[in-house]
Amino acid sequence: MGSGRSTLPARAGVITFVTALAAAGTAVLAAPPAAAQTVTETAASSWAYVDSAAPKASFVNQAGNAPVGAHVYAGGTKHVFKSYVTFDISALKGNPLERAYLSTGETAVTDCSHPRTTEVWLTEPAKKPTWNNQPAELVKATGPYIDSSCPSRQITWTVTAAVQSALDAGRTTATFVLRLPDDQQNDLALGREYDPKAVLGLTFDKVPGKPSGLTVNYQACTAKPLVVSRQAHLTATVTDGDDSYLNGEFAFWPADAPDQRRTVGNTGIGVDQIWADVDSFLAEGVTYVWQARGKDYQGNFGPWSATCKFTTDFTPPKAAPVITSTDYAAQAPPGSGGTGVPGTFVFDAKGDKDVVGFKWDGGYAAADRRGGKATVRYAPRSSGPVSIGAVSVDAAGNQSPSAGYRFWVAANQPGVTCAPFDDFVGVTRTCTFTPYGTTPVTGYVYHLTNQPDETVAAGPDGTATVQVTPTDPQLTYLQLAVRAQLATGYLTSESSETVVSEPGEPEVESLTANPTQSLPAQFRVRAVLPGSVSLTYHWNDEDLITVPLGADGTATVTVTPKTSSWGSFYGYTTTASGVRSGWGGMNVSVASNKPNVTSAEYPEGGGMTGAVGVPGTFVFSSPVPGAVSYTYDFNNGVHGTVAAGPDGTASVVFTPTQSYINSIYVTTKFADGTVSEQGGYTFYVAYSSPNFSCDPTGWSVAPGQHIQCTLTPVQANLATYGYKVDSGPETTLAPGSDGTATFGFDVPADAHSGSYVNLRVWSTNTAGTRSDETGTSFYVYVNTGASARGTATAV
């Protein structure tokens with residue numbers, strides 16, 4: 001069985017067959033194992049069967065299948081069988097069992113119409129059972145698990161209680177019998193045979209192993225107790241065969257009082273490691289014994305580790321150490337030694353027997369004996385006033401008050417000068433190093449900013465001359481740092497000199513007054529870095545291009561912007577020796593190649609002109625030559641493509657179908673197949689609805705009141721008027737000779753007070769184009785004292 005957890009190697013088992021078997025049942029397969037458990041399937045180590053026809057014989061590991069129940073073979077003799085199978089369960093020793101199952105397959109069934117009733121029992125151990133000497137049957141398994149196939153390739157019984165019983169009896173093997181119930185053993189219709197290659201599936205928890213690698217404050221345990229101060233950090237290494245998420249517990253007690261044993265849980269875990277901080281439980285001057293054990297995810301503990309000891313010491317040394325030096329005496333300027341010149345410093349505990357060493361600015365130095373001294377070598381890194389500090393340390397790590405030692409270090413850093421101080425990148429500078437101080441100098445180690453260290457030997461007079469060349473155009477101010485190599489082999493601290501490197505970025509001039517998308521644009525570049533022979537440039541983020549410079553140090557470059565808005569032209573020059581200048585360039589505004597749109601009837605952004613149904617001519621032109629056609633799209637869905645004329649222009653006639661805001665979007669297609677950016681054009685169409693007036697006066701109308709209205713034209717080429725009252729039908733009117741028309745209607749007699757009567761009017765021209773609608777609403781008011789007449793404000 002697989003579960004994603006560790007699996008022990010299978011061990012061989014035994015299966016034995018005996019004639020006669022038992023009652024059918026239903027077993028539920030074992031549930032998947034919980035987290036951090038071992039799952040294994042163990043093969044049968046042996047098997048045997050017993051036969052009622054041969055009551056004194058034992059048939060162990062016979063070839064063939066394991067029989068159960070009644071069978072008749074050649075000669076007509078009836079045989080009744082029980083079969084026994086034995087498994088090795090030694091892997092469970094010390095490891096809690098969670099669940100177990102026994103599984104095998106049917107190889108022959110006398111009659112599949114009968115239910116499966118085979119029983120499995122744990123028996124007493126039996127190496128060679130016989131019919132007359134059968135081992136006692138102890139614990140009955142649950143099952144079998146009902147499988148609809150017959151014969152079944154796998155039949156399973158749950159045997160958890162049986163295996164636990166064998167473990168409780170101290171056994172390392174478990175023997176099971178497969179049999180039919182007593183009242184079914186002799187029924188020939190119920191006989192079956194099973195595969196002797198049975199398996200025992202086990203799910204169990206492997207408890208943590210015995211901890212090892214015990215440490216106190218990260219120091220391995222020794223035969224002699226470790227000494228600790230107020231911190232006691234205990235760690236132990238613990239492993240588990242099926243669990244990587246381990247906890248544990250620690251036990252500790254005074255060495256002379258084991259009855260005061262205290263147990264605490266771990267305060268942290270790592271990879272195969274647990275730890276605990278037991279500081280708060282400790283007393284001064286006590287030797288403690290401790291040990292640890294692991295605890296797995298299931299809550300099961302492993303064995304205790306070996307013991308380890310530590311002794312507490314909370315009292316620090318009382319006095320600070322005394323610091324002295326014969327090489328660097330505590331004196332005023334000009335001082336002694338120099339940077340890089342080591343001196344001997346002595347730390348003295350003055351006989352304090354608690355002191356075993358000293359912590360100082362350079363690390364830790366052990367004392368030559370308890371309460372003794374430590375000698376260290378220290379090379380100052382800077383001149384002038386310098387100090388070092390130290391504290392005395394006892395075996396527990398307690399520290400004394402600190403001591404400081406102040407002394408003066410003589411200046412010995414070399415001098416450095418460079419010429420020229422300021423020049424272009426790539427120009428070599430000559431630099432001279434001179435010694436300073438009393439210690440002889442054998443050479444110098446130096447480097448220019450961003451360059452590796454180099455070494456030069458000193459001349460007889462201790463000086464040296466080198467040449468350095470700035471090569472990075474992005475670095476304007478560089479530092480030449482130098483240290484002197486002393487005859488003793490040590491290096492002094494650094495001296496430095498500033499070197500100014502002019503990047504010499506080229507000057508760029510645009511020769512195109514108004515760069516336009518898709519049209520060539522020219523730039524003139526003049527080199528500033530002396531000796532430049534080529535220009536490397538790019539337009540926007542396009543690839544770099546390199547071109548030669550003319551004898552006058554200039555180059556004219558042509559680029560073709562692919563997009564509008566902004567463009568950038570930047571480049572650098574390079575000398576014949578490969579030195580590059582800094583980047584120089586400029587940003588320019590790039591006009592779009594989108595087409596221009598104009599209309600005399602409907603000017604862009606102008607006032608309200610024309611009307612719905614009034615056509616307008618829209619002219620397209622391109623700021624870039626080579627236009628072959630224009631593709632347009634009006635807001636009402638009218639779209640298409642029109643060819644450009646010889647002058648590169650084209651026009652279309654458009655008749656608006658809606659008033660107020662209208663728009664058109666246009667692109668240009670050029671002879672090379674490219675398409676321009678999209679141009680937009682917005683215009684405003686005047687409202688074309690007819691004017692009208694109605695005769696009611698006042699602010700309301702009454703039910704049944706007649707209303708008379710007059711229409712006057714606005715739309716050009718007027719053909720008809722139309723109106724509609726509430727949800728009634730649309731009515732058409734012909735205009736008179738003066739272009740007006742009059743119509744009337746009655747307020748419904750059943751209109752209730754507070755309601756409205758809605759009127760909508762429009763006109764249509766001779767082309768059949770309908771104008772915008774306009775109208776008004778009349779408020780109905782019923783006055784029981786007198787009839788009310790009036791009109792509502794038009795909307």
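Is C221 buried, partly exposed or exposed, and what is its relative accessibility? C221 comes out at 28% relative accessibility, so it counts as partly exposed. The cut-offs here are under 20% relative accessible area for buried, over 50% for exposed, and partly exposed in between, with a 1.4 Å probe and protein chains only.

A word on the set-up: this is a predicted model, where local features need pLDDT of at least 70 and side-chain atom pairs count only at pLDDT 80 or more, while totals for chains, interfaces and linings use all residues. Residues are numbered from 1 along each chain as its sequence is written, and side-chain values use heavy atoms, with hydrogens and water left out.

**Exercise 1.** Count the disulfides and work out the pairing pattern.

*Solution.* 
- Start with the rule: a disulfide is a pair of cysteine sulfur atoms within 2.5 Å.
- Applying that rule gives 4 disulfides.
- Now number the bonded cysteines of the protein in sequence order, and the pairing reads 1-2, 3-4, 5-6, 7-8.

**Exercise 2.** Characterise the link between C112 and C150.

*Solution.* 
- Check the distance: the C112 and C150 sulfurs sit 2.0 Å apart, S to S.
- Next, the torsion about the S-S bond is about -80 degrees, so this disulfide is left-handed.
- Then place the ends: C112 is in the loop between β8 (106-109) and β9 (119-123), and C150 is in the loop between β10 (137-140) and β11 (155-158), so the pair ties together parts 38 residues apart in sequence. Strands (E, at least two residues) are DSSP runs, numbered from the N terminus.
- Finally, accessibility: C112 is partly exposed at 41%, and C150 is partly exposed with a relative accessible area of 31%.

**Exercise 3.** Go back to C221, find its partner and describe the bond.

*Solution.* 
- The partner is C308, with the two sulfur atoms 1.7 Å apart.
- The S-S torsion of C221 and C308 is -100 degrees, and the link is left-handed.
- C221 lies in the loop between β16 (219-220) and β17 (226-228) and C308 in strand β24 (residues 308-312), so they join parts 87 residues apart in sequence.

Methods. Helix = DSSP H or I, 4+ residues; strand = E, 2+ residues; numbered from the N terminus.
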